[in-house]
Amino acid sequence: MAKSLKMFVRESAIKKEVATWSLKDCEEYLQKHKNDNLKKNSLLNKKISIVSKFSSAVNAAKNISGKSRQNALRDIPFEFLVKNAPKEAQDPKNSKKLKSYQKNTGVYLWSLGYDLRKFIGAGCSAVIWERKDGKVMRVACNNKYLGFIETNDAVSEVKDSKTIEDIIRDKERNSKHLFVAKHIETDHDKSGKAVFETELASHGDLQKFKNENYKYDIQSILQMASDSLKGLKVLHDKGYSHNDIKPDNILVTDKTKKDKSSRINLKIADFGAMTRIDNTYKIFTNKKFRAPDFWKLNKEAVEKRDVYSLGCIFIGLLMKDENFSQNYQRFSKELINIGAENFSSKYLEHFTPDEKIIPFLNLIMLMVKPDYKSRVDVDQALTKLKGIKGLASQSKQR
Ligand SMILES: Nc1ncnc2c1ncn2[C@@H]1O[C@H](COP(=O)(O)OP(=O)(O)O)[C@@H](O)[C@H]1O
Ligand SMILES: [Mg+2]
């Protein structure tokens, strides 16, 4: 082996070893060899300079941010960063949701120069972190398999986010009920991660909101129903179906000050499973909220599978249980079997009697029809809901 090649191989081996060290290991090593008098090209000398390069880059990076941090860390192995990035960028110990390909997204964001406050959550494909300045980063990852079907990878998430950006650019108010994340960059070569920037949904997703901060008040539930149907309508009008409507893909934000209709605003998020309605090849939607005819790929069936999922969510909004992610298919069947009046007296005793409850249950019944042909579409559902919202409430009349 030529001398320089030999040296290169040895140097790589040293780098690989040092990549597993902590900053403390580095410090101790450098201390130990502080007074060594070594030949310029000796291996030991090489090792000392590598240890010193890695540790001083990371120490410096902790005090700078943005592009300067990104540049300072350019040649440092990712493994070394995982070991030595600040605590707030490390994976939360108690998150069971993180899959192996989603690990260390916080360290990755930190190495790009972002200052992180905390981990927010993770779904099947992306991990969400809050920044110190209050903005939110969404990191979409490659290698996503759900059952036997491969879902979108980071590259197609970038395409989806561009589609959504186009959809909202069209009309300002289109963004009111859709949660848009702006694409920042994609790391095609190394980790296949795509980074997006977005706003913080201050009440988290619908599931979290229902567990923590929820009032069984029909007026505000109707408003939530209307928000989510309007979000879906924008997508459908543009020719897209969401395909993964569930409580954790609907985010709850505060209303803007001028909007007085209610305290909160619902926005549909996570467009990772979205397809064109007239050209859908995907049968996947999540098991608990998917329509019984989810595998049918004709235009009408695809369009109405989102409506079915939303109908199940509406049942969940009414029912008093903390596990919003449970399977509501059973309750949708029961609602159809026993009818609105019986369903209300059996499951909705926690509501003050209100003349809007029965018509709302009747609407839900039309949304969760097992056969798509008798199911309402998003426009029909919205028109009916508008009528229900317009009914004078008994409690107000009294
Ligand atoms: N902007 C945000 N503000 C607050 N929480 C968020 C935000 N974006 C996502 N989340 C939380 O992170 C979870 C995962 O995000 P999501 O975009 O649905 O990723 P995935 O494609 O992996 O499902 C959501 O269910 C929600 O709880
Ligand atoms: Mg999701």
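In the predicted model, the shell around ligand 1 comprises 10 nonpolar, seven polar and five charged residues. Of the 22 residues around the ligand, those that come nearest are Gly121, Gly123, Ala201, Asp248 and Asp270. Three strands, β1 (116-122), β2 (126-131) and β3 (136-140), each supply at least two residues of this shell. The largest share, three residues, is contributed by β1. In terms of domains, at least three shell residues are drawn from each of domain 2 (85-198) and domain 3 (206-397).

The protein chain is divided into three segments by domain assignment: domain 1 (13-81), domain 2 (85-198) and domain 3 (206-397). A distance of 55 Å separates the C-alpha centres of domain 1 and domain 3.

The largest nonpolar core contains 58 residues, of which Leu310, Phe314, Ile315, Ile364, Met367 and Ala381 touch the most other members. Helix α10 (residues 299-318) provides the largest share of this core, with 11 residues. As with the ligand shell, both domain 2 (85-198) and domain 3 (206-397) are represented, each giving the core at least three residues. For Phe314, contacts beyond the neighbours within four places in sequence are made with Ala225 and Ile364.

Technical notes: Residues numbered from 1 in each chain as written. Chains lettered and ligands numbered in written order. Predicted model: local features only at pLDDT ≥ 70, side-chain atom pairs only at ≥ 80, totals over all residues. Near = placed C-beta within 6 Å. Helix = DSSP H or I, 4+ residues; strand = E, 2+ residues; numbered from the N terminus. Nonpolar A, V, L, I, M, F, W, Y, C, P; charged D, E, K, R; others polar. Domains from an automatic or database assignment. Core = buried A, V, L, I, M, F, W, Y, C linked by C-beta atoms within 7 Å. Buried ≥ 20, exposed ≤ 12 C-beta atoms within 10 Å, placed from the backbone. Contact = placed C-beta atoms within 7 Å.
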